[in-house]
Amino acid sequence: MSHETNALAQIHRQIMWNRLIAVVEEQAQIMIRTAFSTTVREAGDLSAGIFDLDGRMMAQAVTGTPGHVNSMAESVGHFLQKFPINTMRPGDHYITNDPWLGTGHLHDLTVVTPAFHRGVIVGLFANTAHVIDIGGLGMGPEGRSVFEEGMYIPIVKCFDQGKPNETFFDFMRAGSRLPVELEGDIYSLCACNDAGARRLVEMMDEFEMTSLQPLAQFIFDSSYRATLAEIARIPRGTYTGEIYSDGYEEPVRLAASMEILEDRIEVDFAGTSGLSSRGINVPPAYCRAYSCFGIKCVVAPEIPNNWASLAPFRMKIPEGCILNAPRPYPVSVRHVIGHLLPDLMMGCLHQAVPERVTAEGASALWNPPLRGGGAVSGQSRGNKPVIADFEIITFNSGGTGARPTLDGLNATAFPSGVRTMPVEATENVAPVILWRKELKPDSGGAGRTRGGVGQIMEIATKGDLEFAVNATFDRVAHAPKGRESGLEGAAGRVTQKSGKTLRTKGFQVIPDGDRLILELPGGAGMGDPTTRDPALVARDVRDGLVSAANARALYKVALTDALAVDEPETTRIRLHT
Amino acid sequence: MQSARLAVDIGGTFTDLALEQGGRRTTAKVLTTPAAPEQGVMEGFQTIIRAAGVAPSDIELIIHGTTLATNAVIERKGARTALITTEGFRDVIAMGNESRYDQYDLNIVLPEPLVPRYLRLPVPERLDNTGKVLRPLDEAAVLALIPLLKQENVESIAVGLLHAFVNPVHERRIQAILRQELPDVPVSLSSEVSPEMREWERFSTTVANAYVQPMMARYLRRLESDLHAAGATAPLFLMMSGGGLTTIETACRFPIRLVESGPAGGAIFSAHIARECGLDSVLSFDMGGTTAKVCLIDGYKPQTARTFEVARVGRFRKGSGLPLRIPVIEMVEIGAGGGSIAHVDTMGRIGVGPESAGADPGPACYGRGGMHPAVTDANLSLGRYDPSRFAGGSIKLDAGAARDALLADVGAKLGLTAELAALGVVEMVDENMANAARVHAIESGKTYEGRTLIAFGGGGPVHACRVAEKVGINRVLVPSGAGVGSAIGFLRAPVGYEVVRSLYQRFSTFDVAAVNDLLEDMRSEAEAAVEKGSFGAPTVETRTAYMRYVGQGHEIPVPLPNQVLGVEDIALIRERYDEQYARFFDRPVPGSDVEIMSYAVVVTTVTAEVEPPPRPDSLFTTEATPVRTQLVRDTTTGAVSPWAIYDRASLVPWVTIAGPAIVTEDETSTLIGPGWTAMVNGLGYIELTRDA
């Protein structure tokens, strides 16, 4: 019978684990439904999780974006240092946007909420969300220190036993361009933690639990064992890689040396460029988050995120390098560099498990923060009209890298997990007109499998009045690289319609009568393009994604006038390669 | 002779029919004939009128629902379709929201658009968000497309232009040109099919409508003429995904509104049961062979939504299908059915589904070559089925095969016996269904407190008690006739039509006159659609505004008064918004303005009131007599004990049964868990109550 009792207990712990993941998923869904910032509700730039009393993450919502993953996981420990468990009361909510205690820039708010069961604190709920405006310069690389980048919220109580901290909210409202949205978002973050806590209490009652600790141990043991088993399937050794970002003042080199050991994977970032004077620096928690994500996609994609499943991935980030920015370096657009980290990790892993990684992609999101009105054009420009004040950001992506057996995804976010907003919705919240937003032909890197195709956007205001972009773009001077003889994806371009080339980073004004043209990079190819199935090349030509000239020059595929594969000619030119 | 009503539901495998005449119901099931579905219908028609003893001319109304439109999209068997769209936006339906539905899977596949890129044809034109023309339509560019459309043998054309839902002027002009040049090719306009903001959803819906239209129109006309030829001259009505009925003319124009009409019928079936039994707040739970569907029903009305995803490529994964923005009965579909296969993942966790053994080979216990353990195998191993009487004895279950599969795929990996592995599998599938139901309630701003679960489908009554316990429901109802539930649901559906339009306004600058004009317009459109089928029956109108705080992402429905609005109503509407918001999200946000995104007007015929059957004095209830006992393992405690087995056919109203027990019938088994008591009510439905 005792065997049966143990077996039943094991099954019940599995059920409880499953339930816990459902609880944090509910927490995330509530945030999406109630948030005010488009970044959360439309784009999904958020994260939610439950933690044990030692600040170890037990479960995390599947919904959300990787940048917040272990950065939020680390964050709860910082909260507990300032506000120990025994000082927490029901109805308390704690908040910060400290880039070094949270998720890497001031625009991300992290809220932590204790959960009480029968009067006893049993766990903590945390969530992170990217808000639209936090004051300061606004989203962009121009700050020379974090103090210029916006309001800095140390870890404080925003609700004390259910009562809002009005002094705190006064500061928030006064310091933001979008006070209603900011306040609404903070309320929404707190409400979603409350909902998680309520659900947890119901779960503990149903399963007659008095503490989360035994369940935490079970989750950690199972996850750790499973992660080690997956690591064991990767050939031992040390693998190296490098990747370049366009940087702000000069190109940035990211270098990694990855060692696969029996019980862990260690990455050393020695050889990485030094700090920048502008906001593209990466706080270490964010570097760990995206590096870890890149490794996990390849090594253990099916194991849920928690303290134990993330523990075997260790990062050694040298002091003074751009991936270990110390306070108060500017970090506002740390994602521009951070999003390249999964490509860097896959560059290393390609040497170990080539059949499991992708070629490099556009990777860094192309989010144009757009601003117009008085803040750009002054109160008056003589008799010239000025566009109404607006401040928006849209989330857009180039192509992803080709996969071993599949083409890359066209204009799709990776590694970030965000979604873009409808053009019609964007045009309803700001006086902008997107004149063009479509796939860009010949931008996907040629290969046996093709890189995902990038896109072109043409942006103006109503009446073509002056506006500004705070550029945070990359992969313009350094195109995504292919693997196994696959070719590069097309590099990005940032220009004015009149022809002028713009800088990839920094605040720039698009004058009256002109438009902003963004050409987002394509993903790189994988494998020799002349081994690609000619029928797929013909399909791409017919669809206008690959030109007939490139079909012939890069893929060695000849087409008939009807755009079918010209078999004899294709055989002939492929033989002569 | 009393007049009769006939319902026909074409599913993937079976075509179900139900005929009612003077309170008497006849049902029939025939195989679906996918190549020419009307053949199956006509075969069923002949069968059922013979069985019911009615003449074709006695039938006053024929109601039809079908999965043909859905299947055409899933199997990519629709018309060769082109999309004419705003220059610069030909890839809207391919780019979607630029996201991946799975964060960690590097090898996901996104759904292919229904129109390939070379048939997505841009024309110069542009409106702004207020409908103002920024760039006039280049009519010469439209005309220049005609040779290509002819050369490519395009059979159907979708027109989707930016902001056309505000001002359809360019879409209508394109339609006029196409009518002139290509009179035989049907044209779907985004401003008519789905006049709402968000270009991806609107274009996707319009394209899907165009894609299924020629085939659906041909089919519906063939069916109509076959029925006429057979002497059935009654009007043919179509079941829509939103739960209302519509005329064949509307169905031919907007066939996309017919997707998922079968499941909608199931929800209406549940809603009717709820009305019969006076249950105000219900969770409909339909568990079949491959999926389970849950739907919230309040005030006898299934919850509705305005978006739906069809043809998901990542099985049941949100975001992996083609979005449709149409009125639908909102259901969550979970990859959990009797055929769902159990496995053990890398962390040693039992997982169930979404892979399914289907009907062929089916679960291991069917003995048709299925090697992997399915939920049915687990139920059998727990002792919940009598192997010789499953599905009315038509399938002899092989308990040994079930045990072997459970041991091999689950037990051996976790050190569990086959019986405990079975327990784990059933607990996990129940947990998965309960979790999905819980998240659904959260998303809908509803709770399970005080709700009754109505269980049907082959698996529903087996799993109902445990799922109810897990979501906190204390009452379960198992109706009869659940085998053809959707078809019966069709007979209960009102004739109705929903019109949705976007009109963006902020509350602080609310323009009452513009709203009144719009609502009036919408009312006449909906009434005109309903009039054709209501034959003067009384109708009822509901008006809803979809509102949110300025800047927020998700609108909530707010009921509007059915009248010409005055300035004084603004405060009332704001009050209702605050009420609804608090119901969904607890905390209102002080000092925020509210914006209205769109309006819906629904006109339907009135559903007849039904009196719940009277309850006898408790003194008259008697305990039912079991036919035998069977050893069953309880999934909560793991204990094995003899459970009493009852035959449903022999149960009379008002008998009671104390759990644990099982009531068997041909189509399913009703499990009465320990701690539950069952009673058969005056309608023959089994009511289960959890002991306090």
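Guide: We can start with the domains of chain A in this predicted model. The centres of domain 2 of chain A and domain 3 of chain A, taken over C-alpha atoms, are separated by 28 Å.

Visitor: What makes domain 2 and domain 3 of chain A separate units here, and where do they run?

Guide: The domain assignment of chain A gives three units: domain 1 (2-224), domain 2 (358-532) and domain 3 (534-575).

Visitor: How many residues of domain 2 of chain A are in contact with domain 3 of chain A?

Guide: Contact requires C-beta atoms within 7 Å. By that test, 10 residues of domain 2 of chain A are in contact with 11 residues of domain 3 of chain A. On the domain 2 side, six residues are nonpolar, two polar and two charged.

Visitor: How do you know what length helix α7 of chain A should have?

Guide: The expected span is 1.5 Å times one less than the number of residues. Helix α7 of chain A has 16 residues (284-299), so it should span 22 Å; its end C-alpha atoms are 22 Å apart, which agrees.

Visitor: What makes α7(A) count as mostly covered?

Guide: The count of buried residues: 16 of the 16 in α7(A) are buried.

Visitor: Why is B:Pro214 called buried?

Guide: The cut-off is 20 or more other C-beta atoms within 10 Å. B:Pro214 has 20 C-beta neighbours inside 10 Å, so B:Pro214 counts as buried.

Visitor: Where does B:Pro214 lie, and which residues does B:Pro214 touch beyond its sequence neighbours?

Guide: B:Pro214 is part of helix α8 of chain B. Leaving out residues up to four places away in sequence, B:Pro214 touches B:Ala79, B:Glu155, B:Ser156 and B:Pro186. The C-alpha atom of B:Pro214 is also 8.0 Å from that of B:Gly78, although the two residues are 136 apart along the chain.

Visitor: What makes up the side of chain B that touches chain A?

Guide: In total, 60 residues of chain B are in contact with 71 residues of chain A. The elements of chain B that give two or more residues to this side are α3 (92-95), α8 (199-229) and α13 (418-444). The largest share, 11 residues, comes from α13(B). By class, this side of chain B has 25 nonpolar, 18 polar and 17 charged residues.

Visitor: What confidence scores come with chain B and with the model?

Guide: Chain B averages a pLDDT of 89, and 96% of the residues score at least 70. The model scores ipTM 0.93 and pTM 0.91. Where pLDDT is low, predicted coordinates should not be read in detail.

Technical notes:
Residues numbered from 1 in each chain as written. Chains lettered and ligands numbered in written order. Predicted model: local features only at pLDDT ≥ 70, side-chain atom pairs only at ≥ 80, totals over all residues. Helix = DSSP H or I, 4+ residues; strand = E, 2+ residues; numbered from the N terminus. Buried ≥ 20, exposed ≤ 12 C-beta atoms within 10 Å, placed from the backbone. Contact = placed C-beta atoms within 7 Å. Nonpolar A, V, L, I, M, F, W, Y, C, P; charged D, E, K, R; others polar. pLDDT = per-residue confidence, 0-100. Domains from an automatic or database assignment.
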